[in-house]
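The stops below can be selected one after another.

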Amino acid sequence: LLVECFTKYCVTKEAIRHFRALKNIEGGAQVLHNNGQHGDPLSLYLRALCREGRVVELLEALETMLKDNQQIPPRAMILSRNYRTLVSSWIEPLQEEAEIGREVDYISRYIAEGGLTGERKRWVPRRGKTPLDPDAEGFIYSNPMETSFKRRCLEEWKIHHRKLLKFLRNEGPAVLGNVSESDYVRVEERLKKIIRGPEQSSLKPKAASKMTVSELREELEAQDLPTDGTRNVLYQRVQKARRINRSRGRPLWVPPVEEAEEEVDEELDGLIGRIKTEEGNTEFWKRRFLGEDVNGIQSSPLKTEYIDDAYVIDDDADTDYAEDVAAVEDDEVDEEEEEIEQPESQPETGDRVIIKDKEDNPSKPPLMIGVQLLKDSGESTTTSSSKKSPRRSTRKYVEVDDDDEDWFPEDIHEAFKEMRNRKVFDVEDMYTIADAWGWTWEKELKNRAPRRWSQEWEAELGVRVMNKVIELGGKPTIGDCGMVLRAAIRAPSPWLFLQIVQTTHGLGYVFGNPLYDEILRLCLDLGEVDAAVAMAAELETNGIEVPSETLDSVIVSARQL
């Protein structure tokens with residue numbers, strides 16, 4: 001029931017947490033399927049994982065279904081508007097049909113879908129009517145936002161390193177071991193660079209009026225448009241193509257930019273690997289609350305500057321929080337004639353503790369006009385204030401009087417000591433759901449570093465998902481097979497070509513000859529002669545003609561080997 005509720009409200013992370021507990025119970029997948037009733041929660045869970053690009057968790061769910069003898073429901077195998085199922089809907093590009101090596105007969109497909117009888121479903125949204133997207137059915141508000149596996153991996157990679165940076169700043173250089181200050185700064189800069197991500201250059205097309213003839217022809221040729229004519233004709237053609245792309249919501253074509261390979265610093269990566277965030281480790285945080293350092297020593301941590309999360313996420317401004325505050329204070333001193341109203345207290349953000357240093361500010365600052373008005377209104381309406389709820393009056397008291405007992409010392413250990421003395425928080429209250437319910441696997445999963453995306457990994461996962469779906473009784477489309485094969489070609493992974501092609505032929509699908517020819521030539525270019533020979537034998541077995549030139553090249557390479 002918890003997995004169903006979290007899935008229907010698109011709280012996918014919590015749904016995954018509870019599904020990992022459910023899979024330990026025999027027959028859990030069948031109970032979640034519930035014979036397809038109540039919106040078929042199992043199908044919704046699989047579709048949510050697919051749409052959000054969580055392929056590792058999707059594969060985990062499919063393996064659980066195989067263990068529980070639960071066939072894949074038809075609701076989970078619905079087609080997207082690009083004729084792809086959950087087997088390949090998470091592979092980029094998301095909004096395109098797969099390339100299968102031959103032209104699609106759109107007329108026959110239109111007739112087969114019921115276009116002549118009016119039964120064909122249209123994807124154009126209709127206001128106030130039932131959504132035509134089959135993914136939307138079953139979710140409470142709307143289906144999860146579609147995200148590719150590559151983008152999901154990048155987001156998880158950034159989130160993980162953001163946690164490492166936050167933990168490093170809280171605990172200081174002690175988490176890195178015996179390192180110098182320069183190493184600490186290098187690690188911090190490296191983490192910030194990873195969080196910032198690759199530098200996104202402004203990908204804007206050059207103005208057509210400033211482009212040369214060769215540049216105009218390059219843009220037209222990339223979009224399969226005619227490249228003949230004078231410069232004026234080419235200019236008009238480019239402008240018209242851009243207007244059409246804008247009106248249809250397509251991205252404008254820009255010249256391809258070669259991505260510079262990122263340098264790998266093994267020493268820095270080794271230092272970053274020493275940082276352990278200790279998520280889910282209740283005993284560790286109990287010791288930290290009692291004042292022990294990272295290494296179990298009673299000591300006060302280094303005073304590190306607090307830097308807001310917004311700075312960690314967006315590093316466009318290369319100034320830290322302390323410099324910003326200093327600049328604001330300088331402005332206030334310089335501009336005496338202009339009043340700058342600053343709030344007396346800052347709201348809590350995340351794990352930040354509100355701090356007030358009474359020693360540094362012995363004299364009270366003048367009250368703001370808003371606070372004075374609140375005090376005046378409070379004095380004039382004493383009779384009406386007695387009718388208000390105590391919670392509201394307490395909140396008002398906190399806003400007006402900043403000398404109450406909710407302020408804690410600036411030093412984190414002194415603040416913890418004060419909390420223990422006042423019994424605001426007790427060590428015995430420190431436990432998680434995993435502690436209470438015995439989810440022993442969560443501690444390991446939370447502290448496991450996410451794997452970095454690679455094209456080879458994506459192609460391998462695509463093959464594994466396709467095989468699992470077939471084992472569970474599902475049938476991928478030819479578009480799914482084409483997308484997985486294209487992912488393997490981009491890798492390139494010649495050892496996957498034959499496996500994907502054999503699976504495709506086993507499902508009764510056949511690609512176009514140009515795609516087979518491309519695979520054979522790629523195998524020869526990579527020096528994988530055995531893979532090319534095996535592929536040619538597979539094609540000959542299924543009666544698929546191979547171009548004579550390509551076949552001769554395979555035979556010559558095999559004889560030379």
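**Before selecting**

This is a predicted model, in which local features need pLDDT of at least 70, side-chain atom pairs count only at pLDDT 80 or more, and totals for chains, interfaces and linings use all residues. Residues are numbered from 1 along each chain as its sequence is written, and side-chain values use heavy atoms, with hydrogens and water left out.

**Whole chain**

Colour by secondary structure: the protein has 26 helices and zero strands. Helices (H or I, at least four residues) and strands (E, at least two) are DSSP runs, numbered from the N terminus. Of the 561 residues, 37% count as buried; buried means under 20% relative accessible area, exposed over 50%, and partly exposed in between, with a 1.4 Å probe and protein chains only. Among contacts (heavy atoms within 4.5 Å) between residues at least 6 apart in sequence, 70% join residues at least 24 apart.

**Residues 208–242**

Select 208–242, which the UniProt annotation "domain: SAP", from an unreviewed entry, covers. UniProt positions are given in the numbering used here, feature names are shortened, and annotations may be inferred rather than shown by experiment. The end C-alpha atoms of this span lie 10 Å apart, and the span is 63% helix and 0% strand.

Two packed helices are described by the angle between their axes and the distance between the axes. Axes are lines fitted to C-alpha atoms, for helices over the stretch in contact, and angles run from 0 to 180 degrees between N-to-C directions.

Show α5 (55–67) together with α21 (residues 455–471). The axes of α5 and α21 are 10 Å apart, at an angle of about 25°. The two helices are therefore roughly parallel; angles under 35 degrees count as roughly parallel, over 145 as roughly antiparallel, 65 to 115 as roughly perpendicular and the rest as oblique. Their crossing is left-handed, a term used if the near helix is turned anticlockwise from the far one by less than a right angle, with right-handed used if clockwise.

To display the contact, pick V55, V56, L58, L59, L62, E63 and L66 on α5, and W457, L461, R464, V465, K468, V469 and E471 on α21. By class, these residues divide into 10 nonpolar, no polar and four charged. Ala, Val, Leu, Ile, Met, Phe, Trp, Tyr, Cys and Pro count as nonpolar, Asp, Glu, Lys and Arg as charged, and the others, Gly among them, as polar.

Stay on α5 and select E57. Is E57 buried or exposed? E57 is buried, with a relative accessible area of 19%. Leaving aside neighbours within four places in sequence, E57 is in contact with I16, R20 and L49.

**α22 and α24**

Move to α22 (478–490) and α24 (residues 513–525). Their axes come within 11 Å and cross at roughly 25°, which means that α22 is roughly parallel to α24. α22 passes α24 in a left-handed crossing. L485, R486 and I489 in α22 meet L515, E518, I519 and L522 in α24. This contact has five nonpolar, no polar and two charged residues.

**α23 and α25**

Next, select α23 (494–506) and α25 (residues 529–541). The axes are 9 Å apart at an angle of about 10°, so α23 and α25 are roughly parallel to each other. From α23, the contact is made by P494, F497, L498, V501, Q502 and H505, and from α25 by A531, A534, M535, E538 and L539. By class, the contact has eight nonpolar, two polar and one charged residues.

Centre on E538, in α25. E538 is buried, at 14% relative accessible area.

**Backbone positions**

- Select E92 and P93: a cis peptide bond joins them, with omega about 0°. P93 is in the loop between α5 and α6 (106–112).
- Select N69, in the loop between α5 and α6. N69 is not a glycine but has a positive phi of about 55°, and is exposed at 64% relative accessibility.
- Select H38, in the loop between α3 (28–33) and α4 (41–51). Phi of H38 is near 55°, and H38 is exposed, with a relative accessible area of 56%.
- Finish at A491 and P492: the peptide bond from A491 to P492 is cis, with omega near -20°. P492 is in the loop between α22 and α23.
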